[in-house]
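Subject: Structure handover

Hello,

Here is the structure for your files. My notes on what was found in it follow below.

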Amino acid sequence: MTKTQEPGAELPLQQQDSVVVRFAGDSGDGMQITGGQFTSTSAAVGNDLATLPDFPAEIRAPAGTRAGVSGFQLCFSSKDIHTPGDRPDALVAMNPAALVVNIKDLKPGGILVINTGAFNDKEYKKAKMADPYTDGTFEGYRLIEVDINKRVAEALEGSPLKPKDVQRCKNFYTLGLMYWLYSRPMQPTEEFLNKKFAKKPELAEANIKAMRAGFNAGDIHQMFQARYQVAKCTELPAGTYRNIMGNEAVALGLTVGAKLCGVKPFLGSYPITPASTILEAMAAQKHHDVMTFQAEDEIAAICSAIGASFAGRLGITTTSGPGLALKTEAMGLAVMTELPLVIVDVQRGGPSTGLPTKTEQADLLQAVFGRNGEAPIPVIAVSTVADAFDCAIEACRIATQYMTPVLLLTDGYIANGSEPWRLPKLEDLPDLKVNFRTEPEGFLPYSRDDKGARPWVKPGTPGMQHRIGGLEKAHLTGDVCYDAENHEFMIHARQEKVMNVRETIKTPEVHGDKDAELLMLGWGSTYGPIADACEMIRGKGHKVARMHLRHVWPLPKGLDEIFSRYKAVLIPEMNMGQLARILRSEYPSQNFLSYSKVQGQPFHSSELAEKAISVLEN
Amino acid sequence: MSEAKTLTKKDFKPDQDVKWCPGCGDYAILNAVQAACANIGTSKENVVFVSGIGCSSRFPYYMDTYGFHTIHGRAPAFATGIKASNPDLTVWLVTGDGDGLSIGGNHLAHVLRRNVDINVLLFNNEIYGLTKGQYSPTSPRGRRTKTSPMGSVDRPFNPVSFALGCNATFVARTIDTHIKHMTDVLEAAAAHKGTSFVEIYQNCVIFNDGAFDDISEKSVRDDKTIDLRAGEKLVYGKEHDKGIAMRGFDPQIVSAADADVWDPTRESSAAAFTMSALDQDPKMPSPIGIFRSVETTTFDADMSAQIAQAVQQKGEGQIKDLIYAGETWEVR
Ligand SMILES: Cc1ncc(C[n+]2csc(CCOP(=O)(O)OP(=O)(O)O)c2C)c(N)n1
Ligand code: SF4
Ligand SMILES: [Mg+2]
């Protein structure tokens, strides 16, 4: 097909490096699926991308209300990008509530597509807003008015579907229009729909028809000034890629990690947003000998996982902040019994139930210190969607090699976000084979190897019956022991073992200007915003360096020396400065500046850049 | 399972000092369990004792098997993870009335309904022993303890009714001083496939001494208890002259000749439930023995079966299938 035959071919075709689009509508409008399809298609055409789904905690808040607005933002690019973008270039608002909730984020001069079919007094009332035509809301944007309700009805005239079901195809009409605007192929979505509705072909057909109608709506195309194209990204390192979501990457990493250790994974979990999809993903991995157990609560979940580790599987438990709080006592038992265990905390807004569907990093102190007694646990933080896979393997490695619980921190932003993942070559995966002890001769349950780890023995092994538990253990024999000196000895032994993890982790790399006076330091999902912010800062002629921590406990070696190279270390966190607090106590002579944002939303790169520049200029 | 040489009770005793108070009912139970293990003929390495926290929960330290003394109330969850991970293990769970029915009531309910193939022994002394004498969820109303100086106002749990309410597949009760009965019940529990729940009336000599004397004293036991035996008549009394006729939901004391035959294998637990409440009427004997024993699939077997089925349907999963899945593309 030559370009001239394409609908709207008379419009100029503009090349863009990166585009940020946000789809917003009512929870019932199918915005997540629309965004998801735009994402898959952009991945298929070879763009780099990053996504930010943003949905309400209510499954279906009353239709038309602000509480019910669901959004999906993605950035697709011909460049190597790190974030879903601060502000959309184009916003699709399927109803007035979606408009009023999202319009403040749209870039000045941005494209604003509204479904006029839903813009009427009744809907304004539901959204508790004034008529946007009268109060200047649209000023400064390129407004594209489409009565999508009517358009879909026309496109599907004669369809066997009921009018209500016809209206449910609106999102695909919109998707078609946006595919046209950004020169994306429809074929991946057509394949998706045919597969999804294999048993209901009339639904597949209707949605495809709606999408094509949007794509081919010549009269609407005339309202735009141009059509856009975003070329394939060639900056990404060579390799095989697939698009993946954060929780999916965690689920894969845990299972692969366990396999590399030569043990079968056991996941004990209790559903909680935004962690549940890890349990769902692993429940579908049974043919990999993954055992998943949906327990009666988070306590039972972790306890079953510890039991599984005792029995010789690799115990794993996944949760979010409120669940982590419940697991506290059992984590202490895992520390005491020195069994491997991986605990995943997908952080969300807290305290208490907080903001279940929003992101935050406020569980760090809970993760590092939140247990009774001296109960050190290694803590690893995931920085990007793709990094989740590697971090999950790293958690399995540390848990099995050091016979310890390990906490893996991710957050809602990573959990639901997606990006292209460069698939590791199988031969590059580490060999983490575990040796279960089977030799009874000289066996002492609490003897230690050179890393400080005790032997892992499966029940069923002849001649090695032993008892473990939460009471203090005697060094070597593991018998119950209340002796004062032994207790202190064991406290130190457990602490040293965890500190020994530092011997097998690298000092993180510093990126950016060698002679910078400011270091931006992050952990977790601030990676993308910080990386982009540093580019912006340097673009404005300032010098800056950045570094990101994967291991937040124990901290890698060499940090003190690195920090000492800078006048200040700026630490952006989606909490009140928890890492800064830890670092101030670990490295008291350094100058740490905390930059805190606790709004349930990731940092914008631009706000980070502004902050850094203001620090540099003062 | 590895070939078990014939083991005796003594083989199950580890080299650890037992630290319960002299005269505590736990000693007799320990003895009976060691005897039962020897009689069943399991090899020591395939047995795991799991417990929570309490005097009773020290039990695993006194068995020369694998053992896990966990945290308060959560033993059922640990046991579930252990048994599901390795169904070849014989798993025993020891808990107390506080551990199992107060802090751990939730987990106990769920392990029972799931029918994990383990044996649960609930040592009921109607008191918190380890924390030195506070009333428990099985203490009768009015029981004066350190935390109920004017008598407990709580309505107590009946552990057997609780277990039946959770649809447990094997439910029994025995008494620490009734060695022969206890050993028989333990062996029946061990033989059952699925969760076996055994409530053991246990005397705490220190904080609740004599709590069960009115039924367990040798002199009154035969008149004050009735032993539920599968296929046998519901007869009791020193002279074996009294019986129970179920009469729907209103059991009556009748002559031995008119007593009903006890059948714990009924699908419905209604009769067992009625029986569990028998001694709410002070004239009635306290039922001990086997209330319910029905066979059905077990949680651990089903978990393994699903994995086997998935492997059969999709083939044994490889790392490559996990990573190189979905739509992939090449960047050169
Ligand atoms: C989380 C927690 N809460 C409270 C305790 C204190 N505690 C230990 S044992 C116990 C009660 C035990 O009663 P029971 O289960 O009846 O056991 P017994 O000692 O009577 O055998 C309590 C409250 C604890 N160990 N852990
Ligand atoms: S306090 Fe009671 S239950 Fe605990 S060991 Fe002593 S007698 Fe036994
Ligand atoms: Mg008790």
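A residue is called buried under 20% relative accessible area, exposed over 50%, and partly exposed in between, with a 1.4 Å probe and protein chains only. By that rule Ser102(B) is partly exposed, as its relative accessible area is 38%.

Two notes on conventions. This is a predicted model, in which local features need pLDDT of at least 70 and side-chain atom pairs count only at pLDDT 80 or more, while totals for chains, interfaces and linings use all residues. Residues are numbered from 1 along each chain as its sequence is written, chains are lettered from A and ligands numbered from 1 in the order in which they are written, and side-chain values use heavy atoms, with hydrogens and water left out.

The interface

Contact here means heavy atoms within 4.5 Å. On that basis 71 residues of chain A and 58 residues of chain B take part. Buried area is the accessible area (1.4 Å probe) that two parts lose on being put together, summed over both. Between chain B and chain A it comes to about 5,300 Å², and carbon and sulfur atoms give 66% of this. Tyr66(B), Leu322(B) and Trp329(B) supply 16% of the area that chain B buries against chain A, more than any other three residues.

A polar contact is a pair of N or O atoms within 3.5 Å; within protein, one must be able to donate a hydrogen and the other to accept it, and residues adjacent in sequence count only if both atoms are side-chain atoms. The rule finds 23 residue pairs in polar contact across the interface of chain B and chain A, both residues being at pLDDT 80 or more. Helices (H or I, at least four residues) and strands (E, at least two) are DSSP runs, numbered from the N terminus. On the side of chain B that touches chain A, the elements that each supply at least two residues are β2 (66-69), α2 (75-85), α4 (105-114), α10 (299-314), α11 (319-323) and β12 (328-331). The largest share, 8 residues, comes from α10(B). By type, this side of chain B has 25 nonpolar residues (Ala, Val, Leu, Ile, Met, Phe, Trp, Tyr, Cys and Pro), 13 charged (Asp, Glu, Lys and Arg) and 20 polar (the others, Gly among them).

Strands also pair between the chains, where pairing requires that DSSP finds at least two bridges. Strand β9 (residues 239-245) of chain A runs antiparallel to β12(B), over 4 bridges. Thr240(A) stands opposite Glu330(B) in this pairing.

Salt bridges

A salt bridge is a side-chain nitrogen of Lys or Arg within 4 Å of a carboxyl oxygen of Asp or Glu. Over all chains the structure holds 34, and 2 are found across the interface of chain B and chain A. One joins Arg467(A) to Asp64(B), with the closest N and O atoms 3.3 Å apart. Arg114(B) and Glu296(A) also meet in a salt bridge, at 2.8 Å from N to O. Arg114(B) is in helix α4 of chain B and Glu296(A) in the loop between β11 and α12 of chain A, so the pair joins two chains. Arg114(B) is buried at 12% relative accessibility, and Glu296(A) is buried at 10%.

Within chain A, Asp289(A) and Arg313(A) form a salt bridge of 3.0 Å, N to O. The two are 24 residues apart, Asp289(A) in the loop between α11 (276-283) and β11 (291-294), Arg313(A) in the loop between α12 (298-311) and β12 (314-319). Asp289(A) is partly exposed at 22%, whereas Arg313(A) is buried at 6%. Lys264(A) is linked with both in a network of salt bridges.

Helix α3 of chain B

Ser102(B) lies in helix α3 (residues 97-103) of chain B. Leaving aside neighbours within four places in sequence, Ser102(B) contacts Asp97(B), Tyr128(B) and Pro137(B).

Asp99(B) lies in helix α3 of chain B too, and is buried at 3% relative accessibility. The side chain of Asp99(B) reaches the backbone nitrogen of Ile53(B) at 3.0 Å, and a polar contact of 2.7 Å joins it to the side chain of Thr95(B).

Regards
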